[in-house]
Amino acid sequence: MTLKDFLNNGDVFAKNSGARIVEIREGYARAEMTVTKEHLNAGGVCQGGALFTLADLVFAAISNSRGKLTFGLENTITFLHSAFVGDQLTAEATETLNHHKIPYCEIKVKNQHGDLVCSMTGIAYRKEIPTELDGLE
């Protein structure tokens with residue numbers, strides 16, 4: 001099983017939210033999600049938790065892209081633009097610092113028009129335990 005399969009099938013919450021990993025390379029990952037009516041808050045826009053779920057999934061992918069079991073320690077997310085039903089969201093994560101224990105990543109979520117919907121930073125903890133998966137994709 002690849003890391004992509006492991007996350008797309010094993011992260012049940014993200015899967016039920018419609019978020020899915022579409023690309024993983026060492027130090028880079030991309031995920032997608034289409035906003036549905038189930039993602040809306042009382043104000044009629046995409047709920048922050050849905051956006052965080054997408055960003056967190058791609059953070060998990062990039063954090064684990066180095067072959068060692070890695071868990072998130074801290075995230076900071078800033079919501080910049082509303083997302084609406086039908087919006088196609090893409091989350092891209094880049095590894096700003098590939099530290100052997102505490103990697104630091106930046107995640108950008110954009111809609112189909114290229115508008116920056118939210119920005120997140122993430123710090124993770126990398127253990128000395130191999131993921132034992134058959135590659136990234």
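How many helices and strands does the secondary structure of the protein come to? Three helices and six strands. Helices here are DSSP runs of H or I with at least four residues, strands are runs of E with at least two, and both are numbered from the N terminus. Read from the N terminus, the order is α-α-β-β-α-β-β-β-β.

A word on the source. This is a predicted model, where local features need pLDDT of at least 70 and side-chain atom pairs count only at pLDDT 80 or more, while totals for chains, interfaces and linings use all residues. Numbering starts from 1 along each chain as its sequence is written, and side-chain values use heavy atoms, with hydrogens and water left out.

Now the overall shape. The C-alpha atoms fill a box of roughly 45 × 25 × 25 Å along the principal axes. The radius of gyration is 14 Å, which agrees with the value near 14 Å for a compact globule of 137 residues. That radius is taken over C-alpha atoms, and the globule rule is 2.2 Å times the number of residues to the power 0.38.

Next, burial and surface. Of the 137 residues, 37% are buried. Buried means under 20% relative accessible area, exposed means over 50%, and partly exposed is in between, with a 1.4 Å probe and protein chains only. The protein exposes about 7000 Å², and carbon and sulfur atoms supply 53% of that area. Those areas come from the Shrake-Rupley method with a 1.4 Å probe; for residues, only the protein chains shown count as cover.

Contacts next. A contact means heavy atoms within 4.5 Å. Take the contacts with a separation of 6 or more: 65% of them join residues 24 or more positions apart.

Charges, briefly. There are 13 positive and 17 negative charges, and their mean positions are 1 Å apart. Lys and Arg count as positive, Asp and Glu as negative; His and the chain ends are not counted. Each charge is placed at NZ of Lys, CZ of Arg, CG of Asp or CD of Glu.

On to single residues. Is Arg-126 buried or exposed? Buried, because its relative accessibility is 3%. Arg-126 lies in strand E6, residues 116-130. Its side chain reaches the backbone oxygen of His-99 at 3.0 Å. It also reaches the backbone oxygen of Ser-63, at 3.4 Å. Both are given as polar contacts: N or O pairs within 3.5 Å, where within protein one atom must be able to donate a hydrogen and the other to accept it, and residues adjacent in sequence count only if both atoms are side-chain atoms. Leaving out residues up to four places away in sequence, Arg-126 touches a list of residues including Arg-66, Lys-68, Glu-95 and Pro-103.

Strand E5, residues 104-110, holds Cys-105. Cys-105 is buried, at 0% relative accessible area. Beyond four places in sequence, its contacts include Phe-59, Ile-62, Thr-94 and Met-120. Ser-63 and Glu-95 are among them too, and both are also on the Arg-126 list. Phe-13 sits 92 residues from Cys-105 along the chain, with 22 Å between the C-alpha atoms.

Which residues does Leu-80 contact, leaving aside neighbours within four places? Leu-116, Val-117, Cys-118 and Ser-119. Leu-80 is in the loop between strand E3 (68-79) and strand E4 (88-97). Leu-80 and Leu-116 are 36 residues apart in sequence, and 6.7 Å apart C-alpha to C-alpha.

Two from the helices. Asn-8 is in helix H1, residues 3-10. It is buried, with a relative accessible area of 18%. Outside four places in sequence, Asn-8 contacts Lys-15, Arg-20 and Ile-21. Gly-48 is in helix H3, residues 48-63. Gly-48 is partly exposed, at 24% relative accessible area. Ser-82 is 34 residues away from Gly-48 along the chain, and their C-alpha atoms are separated by 9.4 Å.

Last one, Glu-132. It is found in the segment after E6. Glu-132 counts as exposed, at 72% relative accessibility.
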